[in-house]
Each structure stands twice: as structure tokens, then as C-alpha cells.
Amino acid sequence: MESLGFIGVGHLADYTVRGLRRGGWRGDIFLSGRNAQVAAQLAADCQAQVIEDNQALADRCDILMLATRPPQALEALCGLSLRPEQTLLSVVAGLPLAALQASAGPVGTIVRALPVTSAEFSASATLLFPPDASVEDLFNHCGQAIAVDNEEQFDAGGVLSCIYAGFFPLLDQLTRDAQAAGLPAETARALVTAMAKGAATVANEDHTKTLAAITGQIATEGSYSKKVVDHLLSRHALTPWSEAFDLTLKAFQGK
């Protein structure tokens with residue numbers, strides 16, 4: 001089995017490593033030691049090894065994951081000597097392949113990916129480009145790897161990995177509304193999250209209908225569900241989501 005090294009051990013590395021182990025990935029994992037406390041705890045919890053020197057870490061792994069914050073990413077690559085048979089895997093948002101290629105030197109493959117926090121629970125849809133069998137296998141242990149054909153598609157899909165954060169305040173608001181109406185806190189949270197999971201499951205599994213058709217099938221004339229949908233549409237409640245998508249895409253594209 002291939003070995004995996006992380007340069008940058010913050011929140012993303014933490015939930016990805018935990019998800020890999022939870023999902024049954026048994027390869028060797030090496031962690032850079034700059035964030036000493038997080039790296040030490042993660043090593044203890046997930047059978048990983050901390051290596052202080054980035055070059056020594058790179059020398060020991062087949063896949064080197066660059067997981068720093070964007071301003072530090074290219075700096076972390078500078079001075080590293082990578083091997084032609086290695087894969088450089090960047091999970092740094094907004095850093096294009098051309099910039100990675102210019103800084104990485106003679107590395108065999110460069111792949112971009114964007115796992116989200118649900119990776120910790122083996123439930124992340126992880127976007128990646130270009131398609132790569134080893135990287136897809138890696139992220140399938142954290143949920144589902146979804147490869148796209150070009151970097152423009154990657155940017156568009158990457159916006160959704162940011163929009164993902166917007167679901168949580170919605171779930172929180174509905175949970176608090178249900179509590180205010182009399183439900184116990186844990187019951188409200190369980191119902192809200194189960195409904196969201198159920199809707200996502202139907203949308204993911206039933207490919208015989210468009211999502212609009214599924215909405216119409218549920219929100220039938222005279223139903224309370226239709227009152228919900230009609231009210232949201234009358235208040236243009238979906239417009240801010242489209243606006244958030246557009247402004248994030250422009251930021252990805254440097255506009």
C-alpha cells in the first residue's frame with residue numbers, strides 16, 4: 001500500500017487523516033511537525049508518525065499532500081526535491097496547477113483535491129483533477145471521490161465545497177425554530193439533520209427525475225410542503241445562494 005505524507009497539519013489534515021483511518025486506509029502516514037500539538041495528537045490517535053524535516057518527510061512518502069494555508073503553499077514547496085514517481089496532491093483552495101507545476105520541479109503527477117469536513121465521518125464528496133486512480137482510491141476511503149476533466153470544472157465544483165459551509169447555519173436556524181416550537185433540543189437536531197440527509201439521499205439516488213421534478217412530486221397542490229416551497233420562492237430565498245456561488249467562483253478565478 002502507498003504511503004502518504006502531509007505538509008501542513010491543520011484542520012483539513014486532521015479530519016482527512018481521521019477519515020482515512022475510519023474508512024479503513026492502512027498505509028503509512030507521515031505528518032510535518034510545524035503544528036506540533038495537532039500533529040502529536042493526530043499521530044497518537046491515527047497511527048501516524050511526525051517527521052520534523054519536510055525533505056525527510058517527502059523522501060518517505062509516495063503521495064505528498066500539500067495542506068498548508070494558501071499564502072504558505074508555494075513557499076513550502078520551494079527547496080523540496082521530489083521524485084519523478086511521486087504524486088504531489090494539493091488540497092490548497094485557489095492554487096492552480098500551473099503555479100504548483102512551476103514550484104514543484106520534477107514530480108511525476110500533480111493532483112488537486114478538495115475534501116470537506118465530512119471526510120472525518122467517511123462522507124465527503126471529494127472533488128479532484130486530473131483523474132488519478134491512486135488519489136481516487138485514497139479519497140474513496142473518506143466518502144466518494146469525484147474526478148472532473150479540466151480545471152474550469154474543478155473551480156466550479158470547488159465553489160460547492162465552500163457552499164457546503166452554508167448548510168450549517170440553515171440547519172442551525174431550523175433546529176432553533178423547532179426548539180422554539182416545543183421540541184427538545186436533541187430531538188429537533190436529530191429531525192432536522194435526518195430530513196436534510198433524507199433529501200440528499202433522494203436527490204443522489206433517484207436519477208430518473210430532475211431535482212425540480214422531485215420537488216413537484218413532494219410539494220403537491222394543496223399540501224403543506226407546497227406552502228413551504230411557494231413561500232421560499234416568493235421571498236426569493238434561493239437567490240442569495242446563487243449570488244454566493246457566483247461571488248465565490250469569481251474569487252477562485254481571481255476576478
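Predicted model: local features only at pLDDT ≥ 70, side-chain atom pairs only at ≥ 80, totals over all residues.
1. In helix H5, which spans residues 97–104, the buried residues are Leu97, Leu100 and Ala104. They lie on the same side of H5, because the arc they cover around the axis is only 65°. An α-helix has 3.6 residues a turn, so residues three or four places apart point the same way.

2. The other side of H5 carries Ala98 and Ala102, both of which are exposed. After H5 comes Gly105, for which the phi angle is positive, near 75°.

3. The buried residues of H5 are covered by elements that include strand E4 (63–66), helix H4 (70–77), strand E5 (87–90), strand E6 (109–114), strand E7 (124–129) and helix H7 (151–163).

4. Helix H7, one of the elements covering H5, also packs with helix H12 (residues 239–252), at an angle of about 125° and with the two axes 9 Å apart. Because angles of 65 to 115 degrees count as roughly perpendicular and those over 145 as roughly antiparallel, this angle makes H7 oblique to H12. The crossing of the two helices, H7 and H12, is right-handed.

5. On the H7 side, the contact is made by Asp155, Ala156, Gly158, Val159, Leu160, Cys162 and Ile163, while H12 contributes Trp241, Ala244, Phe245, Thr248, Leu249 and Phe252. By residue class, the contact of H7 with H12 comprises 10 nonpolar, 2 polar and 1 charged residues.

Definitions and conventions:
Residues numbered from 1 in each chain as written. Heavy atoms only, no water. Buried < 20%, exposed > 50% of the residue type's maximum accessible area, 1.4 Å probe, protein only. Helix = DSSP H or I, 4+ residues; strand = E, 2+ residues; numbered from the N terminus. Arc of directions from axis to C-beta. Contact = heavy atoms within 4.5 Å. Axes fitted to C-alpha atoms, helices over the stretch in contact; angles between N-to-C directions. Parallel < 35°, antiparallel > 145°, perpendicular 65-115°, else oblique. Left-handed = near helix turned anticlockwise from the far one by under 90°. Nonpolar A, V, L, I, M, F, W, Y, C, P; charged D, E, K, R; others polar.
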